[in-house]
2 protein chains.
Amino acid sequence: MDTRTLCLAVLERGEASGYEIKKKLDSPPYSHFQDTSFGSIYPALNRLAEEGAVAVRAQEQEKRPDKKVYSLTAEGRRQLCAALHQPPAGDRLRSDFLFLLFHGDLLPKERVLELVDQRIADLDALVAQLGECCPCASKPMHDFLLELGIDHYRSSARFLRDNRARLAHTLAGPHAQVAE
Amino acid sequence: MDTRTLCLAVLERGEASGYEIKKKLDSPPYSHFQDTSFGSIYPALNRLAEEGAVAVRAQEQEKRPDKKVYSLTAEGRRQLCAALHQPPAGDRLRSDFLFLLFHGDLLPKERVLELVDQRIADLDALVAQLGECCPCASKPMHDFLLELGIDHYRSSARFLRDNRARLAHTLAGPHAQVAE
DNA sequence: CGCATATATATCAGATCGACTTATTCTTGT
DNA sequence: ACAAGAATAAGTCGATCTGATATATATGCG
């Protein structure tokens, strides 16, 4: 989903500044299936404002640099719904961990197992973190996505735990060629 | 992982043309955790050739347009190993499906359930497709990643199947507001 | 007091995406 | 038999996205 639609989606839940939009996209459950950078958000908001899809309100002072609070207009809501009615593009995962694992034969066996153990620890930490997000009945989809994320990370961790020994056995000798 | 490293990784398994590299990256198990476009691969190969990380050999005729066959050099192998020894960046998932699901309250209930059913069907098809890839003992990592992928898709499908009824119950009325 | 982190907006080079172009061969349906 | 379409093969190009950096102030911590 492009950054403009992402911004509209966050604003649909309530007005926010560019900084606040980024914070929400960086938190669960958004962080589970999306990510963006300031370098995409600020230009996107400027263009949405030009198009009339969002309204801007400058909130001065605050003892901070000025805050530009954006809110959805009727046109913005129309654009968001149009995007929501498009057939979804396929998922796209980019995982350095799986890439490294796939090329584990070029690394020492110990390093690969270390990577796997670190991965398991990271997944466990993520499950714990998501588990702490208190469920709120007013946002059913929020909770559903949270549970989906927890299930996903838990499943990944379980596979690695269940197959770690087999992987260790599979990996050749004490260490393979480290090139040159 | 950047496209240059991806190209080096594929080439480490044997020489190939840009087109063939793309095909391999589009097939399992690479397709499970990476994707790239021609627009990234061809410039990357040109730069790798300039740097001396790959050697080019023009294979003429073939009854097709000329084929440029690339192969890894010692320098290329060094660069690949250097990249493999870097700590892996975190995973990045981009899923339009989960985005749509999260904003399911802006869509008719029927459409959301349709989306979920389609998703389950897609995941089942993926599991079946990966299951058909014959295991080959000579490439243990290949098989391991394949199994990991199957487990992942199967887990996702199971969660959706197990929670479909609850989701249907959660979604408000016959259909929610469709904007405006 | 100094250092790190949080708030807040923004730019910019470089990387990437996706659609398009060109041209030939192989496959598939009717 | 023949047209249509997919596959092979290399590439370009505008739009977009990433990640680092700049700028400035406030708050928390030892």
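**Exercise 1. Determine which residues of α1(B) and α2(B) meet, and describe how the two helices pack.**

Solution. In this predicted model, the residues B:L6, B:C7 and B:V10 of α1(B) meet B:I21, B:K24 and B:L25 of α2(B). Sorted by class, this contact comprises five nonpolar residues, one charged residue and no polar residue.

The next step concerns geometry. Two packed helices are described by the angle between their axes and by the distance between those axes. Helix α1 of chain B spans residues 3–12 and helix α2 of chain B spans residues 18–25; their axes lie 10 Å apart and form an angle of about 95 degrees. Angles of 65 to 115 degrees count as roughly perpendicular, and α1(B) is therefore roughly perpendicular to α2(B).

**Exercise 2. Characterise the side of chain A that touches chain B.**

Solution. The contact involves 46 residues of chain A and 45 residues of chain B. In chain A, the elements α3 (30–33), α5 (74–84), β3 (92–94), α6 (96–102) and α8 (140–170) each supply at least two residues of this side. The most is given by α8(A), with twelve residues. By class, the residues of this side of chain A divide into 27 nonpolar, nine polar and ten charged.

Strands also pair across the two chains: β3(A) and strand β3 of chain B (residues 92–94) run in the antiparallel sense, over three bridges. In β3(B), B:R94 is the bridge partner of A:R92.

**Exercise 3. Derive how the two copies are related, and state which residue of chain A comes closest to the rotation axis.**

Solution. Chain A is superposed on chain B by a rotation of 180 degrees with 0.0 Å of shift along its axis, at an RMSD of 0.1 Å. The two copies are thus related as by a two-fold rotation axis. Of the residues of chain A, A:L93 comes closest to the rotation axis, its C-alpha lying at 2.2 Å.

The last step compares the interface residues. Of those in chain A, 98% are also interface residues in chain B, so the copies meet through the same surface.

Note on methods
Residues are numbered from 1 along each chain as its sequence is written. Chains are lettered from A and ligands numbered from 1 in the order in which they are written. This is a predicted model: local features need pLDDT of at least 70, side-chain atom pairs count only at pLDDT 80 or more; totals for chains, interfaces and linings use all residues. Axes are lines fitted to C-alpha atoms, for helices over the stretch in contact, and angles run from 0 to 180 degrees between N-to-C directions. Helices (H or I, at least four residues) and strands (E, at least two) are DSSP runs, numbered from the N terminus. Angles under 35 degrees count as roughly parallel, over 145 as roughly antiparallel, 65 to 115 as roughly perpendicular and the rest as oblique. Two residues are in contact if their C-beta atoms, placed from the backbone, lie within 7 Å. Ala, Val, Leu, Ile, Met, Phe, Trp, Tyr, Cys and Pro count as nonpolar, Asp, Glu, Lys and Arg as charged, and the others, Gly among them, as polar. Two strands pair if DSSP finds at least two bridges between them. Copies are superposed by least squares on the C-alpha atoms of residues with pLDDT of at least 70 in both.
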